[in-house]
Structure formats: structure tokens, C-alpha cells
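Visitor: I would like to learn how to read the boundary between two chains. Please take me through it step by step.

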Number of protein chains: 2
Amino acid sequence: MSLAAAVGTEGQEVPNRRVILKRHVTGFPSEDDMEVVAGAARLAVPPGSAAVVLKNLYLSCDPYMRGRMSKQNRRSYVPAFVPGEVLAGHGVSRVVASAHPDFKVGDHVWGMTGWEEYTLIPNPESLSKINHPEMPLSYYTGVLGMPGLTAYAGLYDVAKPKKGEYFFVSAASGAVGQIVGQLAKLTGCYVVGSAGSDEMVKLLKTKFGFDEAFNYKKEQDLNAALQRYFPEGIDIYFEHVGGTMLDAVLLNMRMHGRIAVCGMISQYNLEQPQGIQNLLSLIIKRVRMEGFMVSDYLGQRHKFEEEMVGYLKDDKIVYVEDVAEGLEKAPAALIGLFTGRNVGKQLVTVTQE
Amino acid sequence: MSLAAAVGTEGQEVPNRRVILKRHVTGFPSEDDMEVVAGAARLAVPPGSAAVVLKNLYLSCDPYMRGRMSKQNRRSYVPAFVPGEVLAGHGVSRVVASAHPDFKVGDHVWGMTGWEEYTLIPNPESLSKINHPEMPLSYYTGVLGMPGLTAYAGLYDVAKPKKGEYFFVSAASGAVGQIVGQLAKLTGCYVVGSAGSDEMVKLLKTKFGFDEAFNYKKEQDLNAALQRYFPEGIDIYFEHVGGTMLDAVLLNMRMHGRIAVCGMISQYNLEQPQGIQNLLSLIIKRVRMEGFMVSDYLGQRHKFEEEMVGYLKDDKIVYVEDVAEGLEKAPAALIGLFTGRNVGKQLVTVTQE
């Protein structure tokens, strides 16, 4: 996705600031592992290609990106980033040059792009067109984009909730958590979320309409906390964190419960993952634990977009973003995911033009 | 299930040797935790009851029984045994007294009974009638009983194999392992089993027709062993052991693989279960890991019995038993499950009359 290949054909050359990975990361990442550098881009596609050039408007900070910062990316889903090269992630962009019949200049899209001002996309089929530009475009990094589709597919296709079931989501104020909790409420579930600050807990209860929420950092004993919030046990756990929370949840599952495994953010910065001890509960309670990835559900993205736009317009789903302004803030915004600094979906505004 | 309640009504009093638990067990159990004691039984049912009295012929030694020997049976599925009282487990029995309309004297049944010569069953609905007494009756402790139904339901209802898939089963020469491997072969899977001795490995390959088998005790690196036997990865893992084997399997699962969690025998004698580190593979490979218990599938027992009797008569399924003769041998036979001493289904003959 480097623009290097596009240089030398035609089109205006423009400055192109970019966020590069300075070195592979072990343990906890820091801002200093990344650097914002100057560069140049040509607003043209290579001759004979079906590429597009994107002007990036909003970049999405997502926990899975940590995996790509390691040298050996055994624990993530996509190849490792290369030191000296630009980071990549989901974003919202406008097409500024196109040789692809499905995309014309001026179209807004969401999908994988570079952490830079302009990105050449050789295979634009991976991009999704934005059908509701009347919505805030930044929402397509979250509630209307990859995290929203993750919540939607993970809930309906993996967890398969029924009315009246007890639903628990960890990292509940994050991009996926806030949406999946609200969708579970719309399904008629009793919804409890955990988060890492009292401010987020308040948000979950007052803004997102969760039935209950708690600050996991204030709980000495997560098993006791879950017993308190789920005296009848948990039917569905939407898993974002792993580690000790997962072990506590396993002890509190109900018969025929489901654990939809979306991510395990507490493990991403550990060289050795924490061991999970209570898997025997899977047998005792006949639990189905199933991992999933949003990329398998891209076929649902248009149905999802229409449904979610409807919920937003009807105020059935509310949405909170944590916006960092400018590419310079991107490294800190990404690191903040792992310290739990963000309140709501963390994104970076590159430009609003 | 004590016969005490039956005493004092009518019927002949007979000697009734029984295996009792002497004390609750922590860590590895020993023969000395049990004791064979003399007792008496009356071959009559309490007035006004719908009970039956069973003469026990064969008793089944099953790994899950270890959980019932602990004081706090958090990690098993059924209540703890009580010190001084008779052990209970699956067995094959003949009805010698009956007040229940569905059971008459002389019927053969399988189901939960006492580790003793005679057992009063207050609620005989839990028993299954043996419809093929022309088969070896001991088979109803195994291939035609609870372990056989476990293999059948776990395979078809939980793992859902497709022809050509790569299938791995641990503890493969045990009661469930040998059957599930052969059923997977009949479905058209490529089947590999692990076991704890070269003798068992040979049995798996020559007698049970597995495609490959290996002695896990001889492997320094289970991950490397699985890579060798499954260069394309594992579609289905039928889980009996837990611990390091599960962690190695997780690293070798294929996309959309399934792990049917039947048991975790390597963990039953540990005060703290081993931690499982590689659950992130569930996401990366979109794996479904699901626990199940045979008691949920009793509705299929007649269909299962007919199908399995057919396979046995046609030599499509072969079956190996490890038989201990006499109640006195029962404690050692049970302990042997955890040292891996048994070759094939471990059972105890109480009497053949």
C-alpha cells in the first residue's frame, strides 16, 4: 500500500505525513515505537492497474494492531508491520484518484488503509462504500464500520442471544463493547458490562442503558463480582479481555452458555499469555466457546449498515467517540487503548476536508 | 441407593459386599482411599415405591468418578461421594425385584448403580433397558453404554465431522477414544490418536484401524508431534486430556475447526488445573470449542444402540475391554485409569450369573 509504486506516472505530488513503526515491540508498546515522518505522494494510480488513491480522513485505533507490532505475529491475525514502513489499519477515506470501475473520485469508503494522509490501494475490492454520507463519517471507523459489524455478527451469528438471557461484555465502553451491549439490550437481554474506570461505568449505565456495570479495577475478586451481578449466572459472555476475567466468567456460566471470543486485550502485551484454568466449566455447563473474526462477515456489511443507520437515527443506539486530532496524536491514541485511557471508540482525525 | 431403606419389609436377606470411599481424596487417589466391606441386602422394594433392586453384573470405571472422590466437587458434574458410603457409577445389572411397571424381574439394564453386589434404585427411570442381550452384556458398560453414547453424541452432535476432515483424539485407546476414532473413520475422516504406551499405539493402528497413532509420553514437544501427524492441521479434536496436549492442539487447529470437550483426565488429580495459554487460536482460526455431557443425549440411546449393534455385528466397529474380575479388584481398576494402566475399556466383573 505504499505510494512509491505510483510515483513517476502523472498527477500532482503532495506532502504525505505518515506514521511508521520504528522497531518491533516486545511487551508494552510506547509512543516512541512509532514516529510521524514527512513524505510525498502522487495523486495518481499506476498505469494498467485497477487501484485507487485515498485521502484518509479518520483512522481507527484497534487493539488487534498490537499483534502486528511484534516481530513474530503468532498471536494476531495479520502479518507483522515492517520497521520503517507505514502502519496500516481501518479508516474512512475519500477517493481522490481511481482506475477501478466501482469507485469514482469523491466516493467515501471505509476499510484497510495506511496511517498517512494519502494511500494507494492496489486492490480496492477490500474497501466498503459508504452509503450514508449524511451520517458523521467518523462513525464508519466504529459503529458503522468494522467494530460495529464485529458487534453485530458476533452477537447474532456467534452468541445467538435470546430474549431474557443474561449477557456480559468486558471492555464494555470500547468500540465493540458499547455497541454489542446496546444490541443485546434491543434483543431483550439483561446486560452488564465491565470497564476500567468509574467514568466509563457511569457512561455504560446512564448513556448506553446497560442494566448494570462495574469497574473491574476496583474488584478484588472477579468471581465474587460476577456472582453479585449475575446471581443466576451468565448465558452469554462477549469476550474482549481474556486472562483472569475469562477464568472468573467460566466459573459463572449457565447451562448451554456461549462465549463469543472477539479479542483478549489483556494478553496482547504479554510475552507469555496467562493460563486459563477453568475450562472444565465448558463440560460442566455445556458451554460453547467460539472465536470469530469480522472479516468472515463482510458479506453482511450492507444489511448491517442499513440496520445500524436506522437504530442511530431512531436513537435506539447511541455512540461515543474519543477523538484525537491530527496524525501527530495517532501514536499516543493507539497506546492509550492498552492503558484504558480512551472513553468510547478511539479514533484519529487526519483531516475533515 | 443404599439398601438400608429396603430392609424390614420382605424378601430374602443376602450378603452384599460393597466398595466404600474411606476418605475424601486430594491429589492422586490410591487404592487405599477405598475399601471393600461386607454388608447385607434384602431383595425387596419398599412398600408403596416404584423402585427396583438390581443385581450388579459389571461395573464401569470412568475418569469422571475422580471428581466425586474430592470433598469439594467443583470440577466434576455430580455430587461428591460420602466417606463411609458406597461408590456409585455406571453398570450393567439384572432386575431381581421390581415395583416399577417398565421393569420386570430378569430384565437386563444399564445405568447408574452402586459399587456393590445388589443396589436399590428408587427412581428406575434413569435406567436403560438392554435390548440386545445376545451381545456380551459387559459391552453395555462401554461400546453399547455410556461411553459409546458419549462418543456417538459427541461426534455427530458436537464435532459434526465431514468426510475428509482431519480428526485427532487423545486417550484414544480408552473407552470413548477407541469408539469415536472408529466412528470418525466410518465418516471418512483421517484419524490420528494419542495414547500412553507403545502397546496401545500398536492397537490403535492395527486393531482399530486408525490412520496414525503416537505415544505422547515419548514426545518431547507435542506441538512438533502434531505438526508431524497433521501437516495440514486439525479439523476436529476430541478432547479427553486437557493440559499441555490441549495447548499444543490449539496451535494446530485449522480454520473453522471444532474441539469437542469430553473430559480432561490430566487435570483431575491436580489441586490447581494447568493454565491453557493458546486460546487466542480460537479467534485466529475461528474455532468452536464446546463441552458436552452424555446425560443430555439419553434420548438418542435406542437409536444409538441399534446402530452400534449393527456396526459390531458387521465388524465395522471392534472393541477392546480390560476386565478386572471381582469387586475386590475394583479400587485398583479405578486407580489404573489415572496411571494409564488399562488397555481398552476398564470394567469390573462383579458376577456373571
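Visitor: How many salt bridges cross the interface of chain A and chain B?

Guide: A salt bridge is a side-chain nitrogen of Lys or Arg within 4 Å of a carboxyl oxygen of Asp or Glu. By that rule, two salt bridges are found across the interface of chain A and chain B. In one salt bridge, the side chain of Asp296(A) meets that of Arg286(B), at 2.7 Å from N to O. This is a predicted model, in which local features need pLDDT of at least 70, side-chain atom pairs count only at pLDDT 80 or more, and totals for chains, interfaces and linings use all residues; side-chain values use heavy atoms, with hydrogens and water left out. Residues are numbered from 1 along each chain as its sequence is written, while chains are lettered from A and ligands numbered from 1 in the order in which they are written.

Visitor: What area is buried between chain A and chain B?

Guide: The size of an interface is often given as the accessible area lost when the parts come together. Here the buried area (accessible area lost, 1.4 Å probe, summed over both parts) is about 2800 Å², and carbon and sulfur atoms give 63% of this. On the side of chain A, Leu280(A), Ile283(A) and Arg286(A) lose the most area to chain B, together 23% of what that side buries.

Visitor: How many residues does each chain bring to the contact?

Guide: Contact means heavy atoms within 4.5 Å. Chain A brings 33 residues and chain B brings 33 residues.

Conventions:
Buried area is the accessible area (1.4 Å probe) that two parts lose on being put together, summed over both.
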